[in-house]
Each structure stands twice: as structure tokens, then as C-alpha cells.
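Colleague: Thanks for sitting down with me. Could you take me through this one step by step?

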Amino acid sequence: MPSPVIPPLSSAAFALRAAAVTLRADPFEVGDEAALHHEADALIVVDDGRIAAFGDHAALRRALPPDVPVTHHRDALVVPGFIDAHVHYPQTGIIGAGGKRLIDWLNHYTFAAEGEFVDPLHARHVADLFLDACLSHGTTTASVYCTVHPASVDAFFAAAEARGLRMNAGKTLMDRHAPDFLLDDAQRGYDESKALIERWRGRGRLGYVVTPRFAITSTPAQLEAAGALLAEHPDAWCQTHIAEQLDEVAWIAELYPERLDYLDVYDHYGLLGPRTLLGHGLHLGEREWQRCHDSGTTVVHCPTSNAFLGSGLFDWAQAKKTGRPVSVALASDVGGGTTLSMMATMGAAHQIAQLGGHRLSATRSLHLATRGAARALQLDDRIGSLTPGHEADLVVLDLGHSPLTRLRMKRCDSIDQVLFMLMTMGDDRAIREVYVMGRPIGVERLRMAVADDAASATA
Ligand SMILES: [Zn+2]
């Protein structure tokens, strides 16, 4: 076996020693065993914000210059930073506001909360709190819905930039079927989005997402404007919701009688493609799944939200049908979702799959929240796996974060069982440390900051 090579390092380089696990291929394509890369005793060398080397500790240590400091994390597992592919930061304060179904939930809780984001100070306060909460749950990248107010996007991007985070976000477009204080119109939505793209595109690690909320709250003219924005800015992403609940699907059929189905509405306006993320997709037909496959569009599974709002069960048989698999990523969908923890979300995805008669392995769940999500975002050349050259967004998971996990760990005899235990029992207490571009954020301090911010937030 050839000796491992470590590239020349700067004086700021450091290394982590711990067990580590990452995906090196898509387990839905090649099977779990071939896709998962587990190092029981790994060395991860970090330099200038990037992973310089990753592999077996004993082998790599021989090639590591002796002056490079090594932090040894015992009883820990290093994974790539989690990616939340669909989340609404303005809904942070209404997480767990329940008892309703989608349309009533939007009208009763969501729109009132989003109305407050007309105030830029409120927007920045919630953006800071949201991002610190994401980080303390191990999430280092997300695809984020802001509100209709451009100030909500400015606040979010400024907060993300200050933390050096790779974040995608956009102004929510909505010009009907919502309170007046949340509506733009097709031209204003276009102009404001364009100005935001020009202001933030390519700045730091930020990306702009053209974000019509869904086809109920956008007129055909607004969807057409969204399509124009995407055509003019091929580096932008697109996100929206689709087929979350049946009464929503029926309403779409009334609003767009000329279209084949729900997906065809977005297709008609040029909104599908490999940079598009469609939230939920619980009630799609065969033709729609086929079209998602053909267009390279991602469907984002939001299991805690689907259970909380009674939306339905994700159809894994359709999503990964042999011969025409669809790209799937995992998401919290807070505030319809009930946790920012992607580990808890992975656990919920397993439960939803069980209810639907499918088995979702721990390896596949991890893929959906890391490498698979990075692929869905076309960012898998930068984030989502422990790969030399990638940005060093890392999470150190504590394998003994509670008495019950310590007890359970004694009986875990494979990495699959460890991952299953983490996604079943894990939450933010399992996050020992998070690195953003190689910089440790100090999870304990961050948790206190989130608690202080939440205490001082206006009701
Ligand atoms: Zn959503």
C-alpha cells in the first residue's frame, strides 16, 4: 500500500482524530456498503478552511508534520456538516404551533409571524437566533425561505456572512391568497428578487434561491416572472412547495385547469431543473415523478412536518423506482417541522418510511442529510462529504451524550447500529463541536447565546 500523501500545510493547519463516517457514493445507486466510508480511527487534516487529508489515523499520522496540533475526540463520530434542504427561518418563533392543517396553519400562525419581518431589526434578531440554533444542531448549510420583505433576505444573508456559512436563501414571492401585508406583485417581486441577486450573488458562501412560496399564492404572471429570473440567472436556485396536502392539490386544479397536474404548473413556467428543490411531493402522480426524474428536479422530504401537519407519507417506492430514480434530500421544514435537528429528522424519516412499508437504512438517511443534499444543491464538489479539497464544515457527534445512549452504545457492534442509534436518540445534545470552514464555533457558548436571544426576543 502506498504511503498516504499530505499536501504542504500552512502554520495554521490542525488535525482531528476520531471515528469518522462519510458517503463516497449514492447508497440508493450502489448499495449501502459500497457507498459508506467508515474509519474507526480517522485523522482529518484541516488547512485554510478545507479538508487537506482524510483517512486512517495510523497511516496518515506518519505523513503528518510533527508540529501540526492534533485534537483527539474520544467516544465521538465526525460527520460532514448537516444540510437542511428546506426551512423557513421566519417561522423559528412558531415552531410547535399546532392543531391545524396546512392552509389553516398558514392563515392562523404563519402569515402573522412573517408579517413582523417588515422590521429589519426583528429580521436580523431572528436570523441570528435561527443560524445559531442551526449550528448548535450541527446544520452548516440550508436552503432557506425568507419572507416577502427584501429586508428579511438582507438580514439573513448578513447574519450568514458574519458566520462564514454556506447558505442559500431567497425572498418569498407571493401575490395572492395571503394577507395584504404579505403580498408583492409580479413586477415588484421580480424587481426585488433581481436586486437581491445582484447584491448577494457570489458574496462569501451565499447563494440566491428564487422562491415562489407555491402556486396557490402566486399568480401565473408571478410564476412567469420567477421563470424569467431563473433564465436570466443560471447560477440561481429555485425552491417552492408541491403536493403537500390533498385540498391544496385540489385548489391547484381549480386555479390552473389548463395544466396537466401540479408539477406541470411549475414546468410550464420554466421552474424545474437540477437546481430546483420542491418541498414535500406527497401526492404526486406517476407522470409527475417521471418528469422530476427527466428534468433532474429534487423532491425534498420533510418528515416531521408531514407528520405534524397530517400531510401524508412520503412514497419511497415512487421516489426511487428502478430505472427512474428521483433526487431526494431531507429537510426540517421548520416551522411546520418540529425540530432543527437533522438527526431527529433522519429518525423521523425512518418512522415515516416504516409507516409506508419501506425500509430507510441509517446510511441512506445520512446520505439524504449530507452528500445527497449537497448533490441536490449541486454543491457536492464543495460540501457534504469528508473529501480532501472540500470546505471543512464538520460535526463532532458525542456517542455518549445521555445515559441511555451510553447504555445503548455498549450493544452497538456496527457503524450501521451506531448511526441508527444516533438518528433515533440523537438531538442537539449529541453535538459536541461544529467546524465552519475549519473554524470551531464553540457549541456550548452558542447554546447559551441562543437561550439568551430567545429570552430577550419580543413575544
Ligand atoms: Zn415549507
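**Helix, domains and salt bridges**

Colleague: Happy to start with helix α5; how far apart are its end C-alpha atoms, and what span should its 17 residues have?

Modeller: Keep in mind that this is a predicted model. Helix α5 covers residues 120-136, and at 1.5 Å a residue its 17 residues should span 24 Å. The end C-alpha atoms agree with that, as they are 24 Å apart.

Colleague: How many residues of α5 are buried?

Modeller: The cut-off for buried is under 20% relative accessible area. By that rule α5 is mostly covered, and of its 17 residues the number buried is 13.

Colleague: Which residue has a side-chain oxygen close to the backbone nitrogen of leucine 121?

Modeller: Look at the start of α5, where a side-chain oxygen comes to within 2.9 Å of that nitrogen. Just after the helix, glycine 138 has a positive phi of about 90 degrees. The side-chain oxygen at the start of α5 belongs to aspartate 119.

Colleague: Which residue forms a salt bridge with arginine 163, and are the two buried or exposed?

Modeller: The closest N and O atoms of the pair are 2.8 Å apart. Arginine 163 lies in the loop between α6 (150-162) and β7 (167-170) and its partner in helix α5, so the pair ties together parts 31 residues apart in sequence.

Colleague: Where do glutamate 161 and arginine 203 lie, and how many residues apart are they?

Modeller: Their side chains meet in a salt bridge at 3.0 Å, N to O. Glutamate 161 is in helix α6 and arginine 203 in the loop between α7 (186-200) and β9 (206-212), so this pair links distant parts of the chain, given that α6 and that loop are where the DSSP runs place them. Glutamate 161 is partly exposed at a relative accessible area of 33%, and arginine 203 is partly exposed with 33%.

Colleague: Which helices are tied together by aspartate 267 and arginine 291?

Modeller: These two form a salt bridge with closest N and O atoms 2.5 Å apart. Aspartate 267 is partly exposed with a relative accessible area of 21%, and arginine 291 is partly exposed at 27%. The residues are 24 apart in sequence, so the pair ties together helix α10 (residues 262-268) and helix α11 (residues 286-295).

Colleague: Moving to the domains, what area do domain 1 and domain 2 bury between them?

Modeller: The domain assignment gives domain 1 as 14-81 + 385-442 and domain 2 as 82-376. Contact involves 34 residues of domain 1 and 35 residues of domain 2. Carbon and sulfur atoms account for 65% of the buried area, which is about 2,800 Å².

Colleague: Which three residues supply 26% of the area that domain 1 buries against domain 2?

Modeller: No other three residues of domain 1 supply more. They are Leu23, Phe28 and Met423.

Colleague: How many salt bridges are there between domain 1 and domain 2, and which element gives the most to the side of domain 1 that touches domain 2?

Modeller: The count between the domains is six salt bridges. The elements giving two or more residues to that side of domain 1 include β1 (14-23), α1 (27-30) and α18 (415-425). With five residues, the element that gives the most is α18.

Terms used. Residues are numbered from 1 along each chain as its sequence is written. This is a predicted model: local features need pLDDT of at least 70, side-chain atom pairs count only at pLDDT 80 or more; totals for chains, interfaces and linings use all residues. Side-chain values use heavy atoms; hydrogens and water are left out. Helices (H or I, at least four residues) and strands (E, at least two) are DSSP runs, numbered from the N terminus. The expected span of a helix is 1.5 Å times one less than its number of residues. Buried means under 20% relative accessible area, exposed over 50%, partly exposed in between (1.4 Å probe, protein chains only). A polar contact is a pair of N or O atoms within 3.5 Å; within protein, one must be able to donate a hydrogen and the other to accept it, and residues adjacent in sequence count only if both atoms are side-chain atoms. Domain bounds come from an automatic or database domain assignment. Contact means heavy atoms within 4.5 Å. Buried area is the accessible area (1.4 Å probe) that two parts lose on being put together, summed over both. A salt bridge is a side-chain nitrogen of Lys or Arg within 4 Å of a carboxyl oxygen of Asp or Glu.
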